[in-house]
Amino acid sequence: MNVVLLEPEIPPNTGNVARLCAATKTRLHLIEPFGFELGDKQLKRAGMDYWEQVEWHRWASWQAFQAGLPLNARLWFVECDGPLGYAEAKFTAEDYLVFGRETAGLPRQLLELNRNCWLRIPMFNPASRSLNLSNCVAIVLFEALRQQGFPGS
């Protein structure tokens, strides 16, 4: 599996996602610009000593990331209001789970261009704006791994 963070802003979220990726042997793709420096203490603290166990890639832009994708790559865009619930998707081992910035989410144009791969996580309280980014990654990643029989566990 692949987790993609497009322009992450909050160091502890990215560190938590890195730790999750280490534990699940999931590749992590970080797409610039970042809202922090990679040497940030909070980033390292949240990721603990797991950074050495993560296969991760740094991309200068969305365009650079897209250019580096395999031809048959399948991307799932996780953002509120998606037409498909995350548990309805049929994931494969090489899929990419794409998550946006904590304050703005994924660009609307990107979502509209990929409506058939736009997933939502249900929320029941209309007064709640959003879920934490690292929680969202965990929810969708573990559903994808469950569908595959938790390979390597």
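The model is predicted: local features need pLDDT of at least 70, side-chain atom pairs count only at pLDDT 80 or more, and totals for chains, interfaces and linings use all residues. Residues are numbered from 1 along each chain as its sequence is written, and side-chain values use heavy atoms, with hydrogens and water left out.

**T26**
- T26 is found in the loop between α1 (11-24) and β2 (27-31); helices (H or I, at least four residues) and strands (E, at least two) are DSSP runs numbered from the N terminus.
- The relative accessible area of T26 is 3%, so this residue is buried (under 20% relative accessible area, with exposed over 50% and partly exposed in between; 1.4 Å probe, protein chains only).
- Apart from neighbours within four places in sequence, T26 is in contact (heavy atoms within 4.5 Å) with M1, N2, V3, C21, E55 and L141.

**D95**
- D95 lies in the loop between β5 (84-85) and β6 (96-99).
- With a relative accessible area of 2%, D95 is buried.
- The side chains of D95 and T92 make a polar contact of 2.7 Å.
- Not counting residues up to four places away in sequence, D95 touches M1, N2, R74, W76 and K90.

**Fold and packing**
- Five helices and seven strands make up the secondary structure of the chain, in the order β-α-β-α-β-α-β-β-β-α-β-α along the sequence.
- The chain has a radius of gyration of 15 Å, which agrees with the value near 15 Å for a compact globule of 153 residues (taken over C-alpha atoms; the globule rule is 2.2 Å times the number of residues to the power 0.38).
- Along the principal axes, the C-alpha atoms fill a box of roughly 35 × 35 × 35 Å.
- Of the 153 residues, 44% count as buried.
- Among contacts between residues at least 6 apart in sequence, 75% join residues at least 24 apart.

**Surface and charge**
- The accessible surface of the chain is about 8500 Å², and 51% of this belongs to carbon and sulfur atoms (Shrake-Rupley method, 1.4 Å probe).
- The chain carries 15 positive and 16 negative side chains, with the centres of the two sets 4 Å apart; Lys and Arg count as positive and Asp and Glu as negative, while His and the chain ends are not counted.

Technical notes. The place of a charge is taken as NZ of Lys, CZ of Arg, CG of Asp or CD of Glu. A polar contact is a pair of N or O atoms within 3.5 Å; within protein, one must be able to donate a hydrogen and the other to accept it, and residues adjacent in sequence count only if both atoms are side-chain atoms.
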